[in-house]
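Welcome to this guided tour. Have your viewer ready, and select each stop as we come to it.

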Amino acid sequence: MATHPRSLHALLGGGAVADVLLWRRRNASAAAVVGATAVWFVFERAGYSLPSVLANALLLLVAILFFWAKSASLLNRPLPPLPNLEVSDVVVEKAADRALVWINRVLAVGQDIAIKRDRKIFIRVILILWVVSYVGMLFNFLTLIYIGVMLSLLVPPLYEKYQDHVDEKLGVAHSVLSRHIDTIITRAGQAKQKKTE
């Protein structure tokens with residue numbers, strides 16, 4: 001087996017999340033699969049909607065806290081322990097910084113397409129949006145999220161086990177796809193030249 005400069009565990013963040021995704025913490029990984037399946041079943045197959053489940057859960061939580069606080073004052077017990085329910089400025093700034101990076105990337109791609117007229121990026125964006133549209137027609141949003149969670153829990157350990165074979169096949173697929181895209185761009189450029197003549 002060839003050595004790789006960075007392990008898959010390091011690429012996935014190297015922490016507890018990477019351990020769960022690579023099934024090094026089997027109980028947590030199995031719990032994630034079961035939990036995702038249960039959530040998908042409740043929302044997709046049982047017919048519940050997210051707002052109704054959230055409202056019922058919050059209703060139950062508020063009722064428990066209210067009765068706990070009332071009974072604590074009557075029985076001279078301590079009040080329910082509640083954390084400080086505030087979002088710090090640091091968390092908001094980090095989220096805004098990360099969102100800003102992604103927004104600027106999207107705007108840069110839009111600028112490359114609209115102003116620089118980069119055909120290669122234009123064709124890639126068209127293909128990606130077409131694939132997203134086609135997959136979106138096949139599944140609803142919740143099922144897509146469920147499929148994404150399942151793939152994120154099942155693909156990394158398989159990739160880690162067969163990394164060399166997968167890298168080889170993906171390299172071949174990438175070169176073939178790049179050749180096809182270059183051919184499309186070349187033909188589009190030739191057609192444009194013929195029209196201007």
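Begin by selecting Lys120, which is partly exposed, with a relative accessible area of 33%. Before we go on, keep in mind that this is a predicted model.

**Stop 1: from Lys120 to its partner**

The side chains of Lys120 and Asp182 meet in a salt bridge, at 3.2 Å from N to O. Lys120 lies in helix H6 and Asp182 in helix H8, which covers residues 163–196, so the pair ties together parts that are 62 residues apart in sequence. Is Asp182 buried or partly exposed? Its relative accessibility is 33%, so Asp182 counts as partly exposed.

**Stop 2: the other salt bridges**

Next, select Glu160 and Arg24. Their side chains meet in a salt bridge with an N to O distance of 2.5 Å. This pair also links distant parts of the chain: Glu160 sits in helix H7, while Arg24 is in the loop between helix H2 (16–21) and H3, and the two are 136 residues apart. Glu160 is partly exposed, with a relative accessible area of 25%. Arg24 counts as partly exposed too, at 45% relative accessibility.

Then move to Lys116 and Asp112, whose side chains meet in a salt bridge of 3.4 Å, N to O. Lys116 counts as exposed, at 59% relative accessibility, whereas Asp112 is buried, with a relative accessible area of 18%. Why is Asp112 called buried? Buried means under 20% relative accessible area, and Asp112 has 18%.

**Stop 3: rings that pair up**

Show the aromatic side chains now. There are three aromatic pairs in the count. One of them is formed by Trp40 and Tyr146: this pair is stacked, with 5.0 Å from centre to centre and 20° between the planes. Trp40 is in helix H3 (residues 26–45) and Tyr146 in helix H7, 106 residues apart, so here again a pair links distant parts of the chain. Both Trp40 and Tyr146 are buried.

For another pair, select Trp130 and Tyr134. Their ring centres are 5.6 Å apart and their planes are at 20°, so this pair is stacked. Both residues lie in helix H6, four residues apart, which is about one turn of the helix. Trp130 is exposed, with a relative accessible area of 55%, and Tyr134 is partly exposed, with 42%.

**Stop 4: a nonpolar patch**

Which helices each supply at least two residues of the patch? They are helix H6 (119–138) and helix H7 (141–161). The largest share, five residues, comes from H6. Zoom in on Leu151, which is found in helix H7. Leu151 is partly exposed, with a relative accessible area of 47%.

**Stop 5: a charge over a ring**

Select Arg105 and Trp102 next. Arg105 lies over the face of Trp102, at 4.8 Å from the ring centre.

**Stop 6**

What is the chain like over residues 49–69? The span is 95% helix and 0% strand, and its end C-alpha atoms are 30 Å apart. Residues 121–149 are 93% helix and 0% strand, with the end C-alpha atoms 28 Å apart.

How values were computed. Residues are numbered from 1 along each chain as its sequence is written. This is a predicted model: local features need pLDDT of at least 70, side-chain atom pairs count only at pLDDT 80 or more; totals for chains, interfaces and linings use all residues. Side-chain values use heavy atoms; hydrogens and water are left out. Buried means under 20% relative accessible area, exposed over 50%, partly exposed in between (1.4 Å probe, protein chains only). Rings of Phe, Tyr and Trp (its six-membered ring) pair if their centres lie within 6.5 Å; planes under 30 degrees apart count as stacked, over 60 as edge-to-face and the rest as tilted. A charge sits over a ring if NZ of Lys or CZ of Arg is within 6 Å of the ring centre and within 35 degrees of the ring normal. A salt bridge is a side-chain nitrogen of Lys or Arg within 4 Å of a carboxyl oxygen of Asp or Glu.
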